[in-house]
Amino acid sequence: MADRLLGKEVNQALLEDLKARSEELQRADIEPCLAVVRVGEREEDLSYERGALKKCEKAGVICTKRVFPADVTEDELLKTIRSLNEDQSVHGILLFRPLPKHLNERKIINEIAPAKDVDGVTDISMAGVYSGSDRGFPPCTAQAVMEILHHYGIPVEGKKAVIIGRSLVIGRPVAMMLMKKNATVTICHTRTKDPAAEARQADILVAAAGLAGLVGSSYTNPDQTVIDVGIHVNDEGKMCGDVAFDEVEPAVRAITPVPGGVGSVTTTVLAEHVIRAAERTLSK
């Protein structure tokens, strides 16, 4: 039976640090603040919003919301983001996506000031991940993967990591962050000839393909750590990941569950980014 890498233990350690950092900022008359910008009432957005607001409260981050109807104009949304960029009391901006199709999503995303892009979605933040600079922030889910590995003392340097999935928000950023820690990284995708054979060689396997139950025991080896980034609801109405958990857990050394793994750490990382953004204003 594999060791379960539980997000709640990572969260507990992170939140203790975040509360202390928030209190330090408040002593300097800076109250970390996240502005949530939401268009419409998509249930996925509302669920994530509830979790983010709850986690921010625990971390000592205050939140403000800007909510618009689904038919909001592009000009109105851009005007709001520009206003939040200029508001010195706001340290981070979270824009829910996808936006309605009548809006130019990339244009609106890139209107967010990199210093306040705590969700790591702007082109400048992405460039920062790939170049190794501190401009902007990495995507929260990608950093959540790294926080779990760090908390549980999973060795990264010199290890072989295989990532299933090459999205801009998870697969590619995780690859860059693992390489920064001196792992040797392989990315598998829809054109990879034999992803299971590639995955079996991995010390660390990150499943981020967006396909429920894709990764079975044929992808694994007994010394492997499996990080499951997928979040789905199966035919029985239960949450599951990209990994066939019941099949894979007996076959590997360590694994993150779904739910209770990477997803639960993502909102804590979001709060950490807001606090870090506030600390940067203090240092300036």
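The model is predicted, so local features need pLDDT of at least 70 and side-chain atom pairs count only at pLDDT 80 or more, while totals for chains, interfaces and linings use all residues. Residues are numbered from 1 along each chain as its sequence is written, and side-chain values use heavy atoms, with hydrogens and water left out.

Begin by selecting Glu 44, Tyr 48, Thr 141, Ile 231 and Thr 266, which lie nearest the centre of the largest pocket among its 45 lining residues. A pocket here is an open set of points on a 1 Å grid over the protein atoms alone, where a 1.4 Å probe fits, with protein on both sides within 12 Å along at least five of seven lines, and lining residues have an atom within 4 Å of a point. The space in this pocket is about 1,400 Å³, a volume being the space filled by probe spheres set on the points, which are joined across faces, edges and corners.

Next, select helix H2 (43-59), which gives the largest share of this lining, nine residues; helices (H or I, at least four residues) and strands (E, at least two) are DSSP runs numbered from the N terminus. Strand E4 (92-95) and helix H10 (262-283) are among the other elements that give two or more residues.

Now move to the second largest pocket by selecting Gln 143, Met 146, Met 177, Lys 180 and Lys 181, which lie nearest its centre. This pocket holds about 610 Å³ of space, and 27 residues line it. Finish on H6, which supplies the largest share of that lining, five residues.
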